Amino acid sequence: MLTEPTTAPAEKDFLPGPVLLLGAPGVGKGTQAKALMAAYGIPQISTGDILRANISKGTPLGKLAKALVDKGKLVPDDLVNQMVADRLSQPDTRRGFILDGYPRTLNQATWLDAYLAADPYTLPVVAISIVVEYEHLLRRITGRRISPSGRIYNTYSNPPAVPGICDEDGTALVQRPDDSEPVFVERMKTFESQTAPVVEHYRKQGRFEEVDGDQPVEQVTAAIEAALRRLRTSKTLNI
Ligand code: AMP
């Protein structure tokens, strides 16, 4: 005899399709994208991570991007769009994906909209804008320290037991060159002038929700998951 399942269906049963995580530097896009990736089994695509990987490998793209990234300036749209096109053409994106840190300009948004509209299998994009107070962003960014294995600490809110050393594996923590206060200020200006219009673009399109990022990580994740469920009716999940 078959027994009734005693637990709720796994989140993997729910396919969120293409998801944009929008928000200023430090709102938690990367952290939340990783949580959603684990919950739904769809990939996180972070243009910042792809650019940093190119910078550390010293590729031609990395060499071009480094000076801009270090100053908090945006990398030209054409280069970033091409990077995203290359990544989206990989088969693991067919069930959905989470774009983190892209699009950051109206030009990128228009390009992405056209790219996805040309794909008959893709659900319409949904956008989540994470919002956090400016002073909190400043502390999150300037306090951020990262271990080589990707574990994230914060000197204010989540310090390691020994300053500068990862609790897990004893490696030295590093600060991203663009996490200094002057570069943070520049990145915020870039966000206000170039990316805030992108948030408005998706707000106007309607498949959009704003989430309060000034809560514990798990609560933000739960709020995003609830928003995604509202934004996708069961009908639209038939892909
Ligand atoms: P992030 O890791 O998302 O904070 O991105 C770090 C830096 O990479 C940004 O400050 C930009 O210099 C660059 N970058 C990341 N994503 C984009 C994008 N979509 N367009 C242009 N530049 C980007």
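This is a predicted model: local features need pLDDT of at least 70, side-chain atom pairs count only at pLDDT 80 or more; totals for chains, interfaces and linings use all residues.
**Exercise 1. Work out the strand order of the open sheet and name its edge strands.**

Solution. Start with the general rule. Strands of a sheet pair through backbone hydrogen bonds, and the pairing is either parallel or antiparallel. In this model, five strands make up an open sheet, and their order is E2-E3-E1-E4-E7. The pairing is parallel. The edges are strand E2 (44-46) and strand E7 (208-212), because each of these pairs on one side only. From one strand to the next, the twist averages 20°.

**Exercise 2. Describe how E2 is paired with E3, and find the helix that lies across these two strands.**

Solution. Take the pairing first. E2 pairs with strand E3 (residues 96-100) in the parallel sense, over three bridges. For a position to look at, take glutamine 44, which stands opposite isoleucine 98 in E3. Then turn to the helix. H2 lies across E2 and E3, and it runs at about 60° to E2.

**Exercise 3. Describe the shell of residues around the ligand.**

Solution. Step one is the count: 16 residues surround the ligand. The closest are Thr47, Arg52, Lys73, Arg104 and Gln108. Step two is to sort the shell by residue type, which gives six nonpolar, four polar and six charged residues. Step three is to ask which element gives the most to the shell. That is helix H2 (residues 47-57), with four residues.

**Exercise 4. Find polar contacts between the ligand and side chains, then state how much of the ligand is buried.**

Solution. The cut-off for a polar contact is a pair of N or O atoms within 3.5 Å.

- Threonine 47: an N or O atom of its side chain is 2.8 Å from a nitrogen atom of the ligand.
- Glutamine 108: a side-chain N or O atom lies 2.9 Å from a nitrogen atom of the ligand.
- Arginine 187: a polar side-chain atom is 3.2 Å from an oxygen atom of the ligand.

Finally, consider the surface. The ligand taken alone exposes 490 Å², and the protein buries 96% of that.

Note on methods: Residues are numbered from 1 along each chain as its sequence is written. Side-chain values use heavy atoms; hydrogens and water are left out. A residue is near a molecule or strand if one of its heavy atoms lies within 4 Å of it. A polar contact is a pair of N or O atoms within 3.5 Å; within protein, one must be able to donate a hydrogen and the other to accept it, and residues adjacent in sequence count only if both atoms are side-chain atoms. Accessible areas come from the Shrake-Rupley method with a 1.4 Å probe; for residues, only the protein chains shown count as cover. Ala, Val, Leu, Ile, Met, Phe, Trp, Tyr, Cys and Pro count as nonpolar, Asp, Glu, Lys and Arg as charged, and the others, Gly among them, as polar. Two strands pair if DSSP finds at least two bridges between them. Axes are lines fitted to C-alpha atoms, for helices over the stretch in contact, and angles run from 0 to 180 degrees between N-to-C directions. Contact means heavy atoms within 4.5 Å.
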